2 protein chains.
Amino acid sequence: MEKEIVIFGHKNPDTDSICSSIVMADLENKLGNHCIPTRIGKINKETQFVLDYLKLEAPKMIDKAEDRQEVILVDHNEATQSIDNIENAKIVKVIDHHTMNFKAPYQLYYRTEPVGCTATVLYKLYKENNIEMTREIAILCLSAIISDTLLFKSPTCTEDDVKVANALQKIANIDMQEYGLEMLKAGTDLGDFSEEELVNLDAKAFEKGDTKFVIAQVNTVSIEDVLKRQKDLESAINSEIEKRGIQLFVFAITDILNSNSEIIALGNRTDAVEKAFDVKLENNRAFLPGVVSRKKQLLPDIDKNM
Amino acid sequence: MEKEIVIFGHKNPDTDSICSSIVMADLENKLGNHCIPTRIGKINKETQFVLDYLKLEAPKMIDKAEDRQEVILVDHNEATQSIDNIENAKIVKVIDHHTMNFKAPYQLYYRTEPVGCTATVLYKLYKENNIEMTREIAILCLSAIISDTLLFKSPTCTEDDVKVANALQKIANIDMQEYGLEMLKAGTDLGDFSEEELVNLDAKAFEKGDTKFVIAQVNTVSIEDVLKRQKDLESAINSEIEKRGIQLFVFAITDILNSNSEIIALGNRTDAVEKAFDVKLENNRAFLPGVVSRKKQLLPDIDKNM
């Protein structure tokens with residue numbers, strides 16, 4: 001039997017990474033290729049809500065690629081965000097929507113578009129290949145789009161994402177506002193996590209010259225609730241700063257209902273944050289009205305002032 | 001008026017680079033974007049045959065990108081093969097079929113497939129977007145495919161290329177074997193070129209560790225004819241070796257009718273060529289039966305023995 005192609009999203013998988021793995025496997029199998037969806041990290045609570053809603057098992061967890069294993073990357077392209085020994089694998093396809101930093105010494109299929117979600121691109125691939133989408137696949141795609149765009153409120157959301165979501169809603173036959181809000185809320189249940197887990201849950205590291213900094217983000221329906229743990233969160237952040245030798249750690253607590261964020265900033269380069277958003281940190285905190293996107297709002301301004 | 005998007009292929013443009021620029025501009029303009037085809041190098045004789053056949057002007061020659069000019073790359077993705085100050089431009093799309101070495105700190109549309117020619121991908125884009133192809137556009141695409149695959153004889157040619165060429169032949173309403181052979185022959189007229197021009201006409205530089213080497217290629221219908229100039233070609237090659245500080249220069253003379261190549265190899269690492277093809281160079285030359293593709297046949301074996 002032909003060896004199956006393994007599909008996975010990025011480390012610290014979010015709803016787009018998990019759902020797009022399952023969706024891409026469905027598409028490839030319908031096109032006659034032999035694929036299985038996998039994941040390279042824990043399922044978060046938001047994604048678990050989606051899987052439970054559809055009574056689906058989580059994709060199989062893997063921690064390394066076999067030698068010359070054929071793989072398909074979804075929702076990422078950079079080696080640092082991929083499986084640890086990605087250089088052993090043969091990447092046959094990439095479906096993504098991120099900025100690019102990619103090398104392959106062989107030809108492959110690569111498709112990325114400037115949209116808010118991988119699933120938006122996947123919907124187009126079904127269309128192009130005249131493959132009909134089941135209700136289950138439509139709900140997976142819709143969940144990914146709602147997650148990545150925070151119910152279309154994030155500045156990362158494009159016209160294409162909205163158009164595709166509307167088409168998906170018809171196939172899914174659900175009220176996407178109602179479903180989406182429930183799904184996002186499920187992801188904001190932070191009670192089970194230790195402070196150390198919280199600051200690492202969705203943390204991305206960046207470099208500018210010799211300066212290393214981290215921007216972490218959690219979604220919530222009550223910023224106040226999260227701030228009750230500020231002291232312990234700060235201890236966890238400070239130990240990350242020490243352990244990783246970074247100059248700035250920004251922890252963004254994003255209110256998904258009202259589309260604002262409160263940030264906690266620590267390290268010896270908090271001046272970059274103050275300049276970036278023209279604020280004065282008080283008690284290490286600042287409120288950033290209208291800010292919900294790390295990629296489009298937090299990162300560019302902080303990076304510029306580093 | 002909205003500023004137009006500039007489209008171009010690689011340096012030392014071949015028929016695929018020129019034709020795909022014109023075709024992509026046609027497609028984008030039909031999709032409502034405002035694009036012009038350009039080129040970043042001289043038109044070769046094979047491509048001139050195509051333009052003459054269709055009574056088309058060559059795309060406008062450009063030598064640098066304006067600051068933040070929006071551009072579309074076809075038939076290449078690596079900065080070294082692109083316009084000199086590509087880092088000034090904003091790349092909005094890439095349509096390609098090569099190995100990848102690409103970075104962009106912003107989102108874009110990127111589409112590459114493991115096929116023999118960019119025009120094969122472009123044909124699919126017309127299909128996907130339900131845009132009808134004119135006869136002229138079909139002949140441009142067909143010319144590009146015939147050029148890149150040496151009339152389907154190169155090992156770089158895939159099933160997709162053949163399928164698309166057959167579909168294009170119907171729209172073009174020409175005998176592609178007859179047309180293709182005439183076009184390829186037009187490209188083999190080397191009479192006008194000095195030896196220095198010949199060794200640089202289609203020369204690609206590679207690096208392996210600290211070793212730099214060049215593989216150049218010319219197509220011909222008579223290897224013998226080209227070898228009449230061996231002495232002067234060797235002088236030209238030796239001066240390139242000195243000027244560029246390279247360890248190996250392989251000049252492949254490819255017989256497009258019989259699908260063989262004779263190579264001239266000079267430099268202090270010709271041992272890599274001898275090992276690669278299990279031959280002994282005589283008078284600096286070796287005959288390589290069945291070898292026509294730099295990418296799939298010459299480069300991998302030479303690289304492995306470097």
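Me: A polar contact is a pair of N or O atoms within 3.5 Å, in which one must be able to donate a hydrogen and the other to accept it. In this predicted model, what lies 2.8 Å from a polar atom of the side chain of A:Asn77?

Reply: The backbone oxygen of A:Thr99 lies at that distance. Because the cut-off is 3.5 Å, the 2.8 Å separation falls within the limit for a polar contact.

Me: What does the side chain of A:Asn77 join through a polar contact of 2.9 Å?

Reply: The partner is the side chain of A:Asp96. The value of 2.9 Å is again within 3.5 Å.

Me: Why does A:Asn77 count as buried?

Reply: Its relative accessibility is 4%, and buried means under 20%; therefore A:Asn77 is classed as buried. This residue lies in the loop between S4 and S5 of chain A. Beyond its neighbours within four places in sequence, A:Asn77 is in contact with several residues, including A:Val94, A:His98, A:Phe102 and A:Tyr110.

Me: How do you know that strand S2 of chain B pairs with S3(B)?

Reply: Pairing requires at least two bridges, and 2 bridges join these strands, which run parallel. B:Thr38 stands opposite B:Lys60 in S3(B).

Methods. Residues are numbered from 1 along each chain as its sequence is written. Chains are lettered from A and ligands numbered from 1 in the order in which they are written. This is a predicted model: local features need pLDDT of at least 70, side-chain atom pairs count only at pLDDT 80 or more; totals for chains, interfaces and linings use all residues. Side-chain values use heavy atoms; hydrogens and water are left out. Helices (H or I, at least four residues) and strands (E, at least two) are DSSP runs, numbered from the N terminus. Buried means under 20% relative accessible area, exposed over 50%, partly exposed in between (1.4 Å probe, protein chains only). Contact means heavy atoms within 4.5 Å.
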